[in-house]
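I opened my notebook to look up charged side chains and their partners. Here is what I was reading from.

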Amino acid sequence: MTFLSRVGETISATGKDVSQKAKDLTGIAKLRLDVKVKEEFIQKQYTEIGKQYYELHKEDAEPLFEEMELIKDSLREIEDLKGEIADLKGKKTCPVCGATVEQDASFCNKCGAKCESIFEEEVEAPEQESAEETTDEE
């Protein structure tokens with residue numbers, strides 16, 4: 001064999017090795033991606049199980065996990081913050097579905113529930129008391 005043919009064979013063998021290693025690395029990367037996708041799927045399932053458990057047991061007198069009370073507190077805080085946002089926008093929140101409606105709206109445009117503001121109730125209450133006092137005095 002001549003020197004050039006040995007160099008050619010070496011280059012050919014090295015090229016095949018490099019090509020095989022590239023295929024192996026591509027295969028490994030694909031398998032790692034598949035593992036990551038499956039792990040994310042499992043994480044979503046864990047989350048869904050947790051949500052379902054919470055929904056089933058959120059009214060329990062003594063919840064099994066203290067995190068359930070933390071979730072309740074956080075949900076209340078979220079509703080308060082949404083109410084503050086609505087106030088700053090000059091709107092109010094529907095007491096039934098939580099949708100944002102105009103400040104002067106009497107009914108929710110999403111669920112149709114009656115939307116009385118706290119201030120309307122306070123104004124109506126003293127008027128009713130004074131009417132009751134007048135009838136009592138007569």
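**Entry: a pair in helix 2.** I started with Asp73 and Arg76, whose side chains meet in a salt bridge at 2.7 Å, N to O. For this I took a salt bridge as a side-chain nitrogen of Lys or Arg within 4 Å of a carboxyl oxygen of Asp or Glu. Asp73 and Arg76 are three residues apart in helix 2, so about one helical turn separates them. Asp73 is partly exposed at 28% relative accessibility, and Arg76 is partly exposed at 45%. My cut-offs were under 20% relative accessible area for buried, over 50% for exposed and partly exposed in between, with a 1.4 Å probe and protein chains only. Salt bridges with shared partners link Glu69, Asp73 and Arg76 into one network.

**Entry: what I am looking at.** I noted that this is a predicted model, where local features need pLDDT of at least 70, side-chain atom pairs count only at pLDDT 80 or more, and totals for chains, interfaces and linings use all residues. Residues are numbered from 1 along each chain as its sequence is written, and side-chain values use heavy atoms, with hydrogens and water left out.

**Entry: the layout.** I found three helices and two strands, in the order α-α-β-β-α from the N terminus. Helices (H or I, at least four residues) and strands (E, at least two) are DSSP runs, numbered from the N terminus. Of the 138 residues, 10% are buried.

**Entry: other pairs.** How many salt bridges does the count come to? I got six. One of them joins Lys30 and Asp34 at 3.1 Å, N to O. Lys30 and Asp34 sit four residues apart in helix 1 (residues 3–57), so they too are separated by about one helical turn. Lys30 is exposed at 51%, while Asp34 is partly exposed at 34%. Glu55 also pairs with Lys58, with the closest N and O atoms 2.9 Å apart.

**Entry: a lysine without a partner.** Is Lys72 buried or exposed? I found Lys72 buried and without a salt bridge; Glu69, the nearest side chain of opposite charge, is 4.3 Å away. Here Lys and Arg count as positive and Asp and Glu as negative, leaving out His and the chain ends. Lys72 belongs to helix 2. Setting aside neighbours within four places in sequence, Lys72 is in contact (heavy atoms within 4.5 Å) with Tyr54 and Lys58.

**Entry: a loop lysine.** Lys114 lies in the loop between strand 2 (100–102) and helix 3 (118–137). Lys114 and Pro95 are 19 residues apart in sequence and 8.4 Å apart in space, C-alpha to C-alpha.
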